[in-house]
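Hi,

Here is the structure I promised to send over.

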Amino acid sequence: YQWLGAAQLFLFDGATFLFAAVSSSFIRLSSKAPKAEKSATQAFAAYARDTLEGFRYVRSRSGMALFLGVSAGINFLAMPVIVLLPFYVAETLRSDPAWYGFLLAALGGGSLLGYLLVGWMRLNGARRSRFMMAALLGTASLIAAVGTVRNPFVALTLFASVGVCIGFVNILIMTLIQVTTPDEMRGRTTS
């Protein structure tokens, strides 16, 4: 923000949305549209039925409930780190507010690098499990290490490393869910 200014950042952000819109135009969807509900009561009943069907499916798949529970727990427990980050920057790192942005950028950049690395590495079976466990343990260890750091540059490196681990975990989890879940159940399973 300090280097480019708000106008250039908004322009870049708008360009990325335009790119996404153009990319989305190449997606071909099924011509089969879902049946429209007639009333709010029927819509709610259909929603409840679909939700229960999703819960039943998850329960019927060995390990999927635990897998999704761990995934949700990670996201739930990681959120306080982001919420408390401004206080960490001000009180622990004793840095100006720009470092809040630097740390978030390092986290996002690390995640992007993690996504790219997982796509580049061909992980299957036991190797995928080992990498996921290593990334989960790495995330926890690195976040704990961040709490002991007072140097903003070391914190920046740790946040980028946390991002790489989170990128690994997110891609591996979503890939496993997509590969093991039938198309008609995917939305009900992940939500």
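Is phenylalanine 44 buried or exposed? Phenylalanine 44 is exposed, with a relative accessible area of 58% (buried means under 20% relative accessible area, exposed over 50%, and partly exposed in between, with a 1.4 Å probe and protein chains only). This residue sits in helix α2. Between the C-alpha atoms of phenylalanine 44 and tryptophan 99 there are 45 Å in space and 55 residues in sequence.

Before the rest, two notes on how to read the values. This is a predicted model, in which local features need pLDDT of at least 70 and side-chain atom pairs count only at pLDDT 80 or more, while totals for chains, interfaces and linings use all residues. Residues are numbered from 1 along each chain as its sequence is written, and side-chain values use heavy atoms, with hydrogens and water left out.

**Overall layout**

The protein has seven helices and zero strands, where helices (H or I, at least four residues) and strands (E, at least two) are DSSP runs numbered from the N terminus. Read from the N terminus, the order of elements is α-α-α-α-α-α-α. The radius of gyration is 21 Å, well over the 16 Å that the globule rule gives for 191 residues, so the protein is more spread out than a compact globule. For that comparison, the radius is taken over C-alpha atoms, and the rule is 2.2 Å times the number of residues to the power 0.38. Along the principal axes, the C-alpha atoms fill a box of roughly 55 × 45 × 35 Å.

Of the 191 residues, 25% count as buried. The accessible surface comes to about 13,400 Å², and 68% of it belongs to carbon and sulfur atoms; areas come from the Shrake-Rupley method with a 1.4 Å probe, and for residues only the protein chains shown count as cover. Among contacts (heavy atoms within 4.5 Å) with a separation of 6 or more, 70% are between residues 24 or more positions apart.

**Salt bridges**

How many salt bridges does the structure hold? There are three, each defined as a side-chain nitrogen of Lys or Arg within 4 Å of a carboxyl oxygen of Asp or Glu.

Aspartate 50 pairs with arginine 188 at 3.6 Å, N to O. Because aspartate 50 lies in helix α2 (residues 40-60) and arginine 188 in helix α7, this pair ties together parts that are 138 residues apart in sequence. Glutamate 53 also forms a salt bridge with arginine 188, with the closest N and O atoms 3.2 Å apart. Here too helix α2 is linked to helix α7, so parts 135 residues apart in sequence are tied together. Aspartate 50, at 28% relative accessible area, is partly exposed; arginine 188 is partly exposed at 29%, and glutamate 53 is partly exposed at 33%.

The side chains of aspartate 183 and arginine 186 meet at 2.9 Å, N to O. These two are three residues apart in helix α7, so about one helical turn separates them. Aspartate 183 counts as exposed at 60% relative accessibility, whereas arginine 186 is partly exposed at 25%. Through shared partners, salt bridges join Asp50, Glu53 and Arg188 into one network.

**Two buried residues**

Threonine 181 lies in the loop between α6 (152-180) and α7 (183-190) and counts as buried, at 4% relative accessibility. A polar atom of the threonine 181 side chain is 2.8 Å from the backbone oxygen of isoleucine 177. Leaving aside residues up to four places away in sequence, threonine 181 touches Tyr57, Met64, Arg186 and Thr189.

Valine 58, in helix α2, is buried at 11% relative accessibility. With the same exclusion of residues up to four places away, valine 58 touches Met64, Ala65, Leu68 and Thr189. Valine 58 and alanine 45 are 13 residues apart in sequence and 20 Å apart in space, C-alpha to C-alpha.

**A nonpolar patch**

Which residues form a nonpolar patch on the surface? They are Met79, Val83, Leu84 and Phe87, with about 420 Å² of accessible area together. Patches are made of residues with over 30% relative accessible area and no salt bridge, joining like charges within 9 Å and nonpolar side chains (Val, Leu, Ile, Met, Phe, Trp, Tyr) within 5 Å. Valine 83 is placed in helix α3 (residues 64-92) and counts as exposed, at 53% relative accessibility.

Best wishes

Terms used
A polar contact is a pair of N or O atoms within 3.5 Å; within protein, one must be able to donate a hydrogen and the other to accept it, and residues adjacent in sequence count only if both atoms are side-chain atoms.
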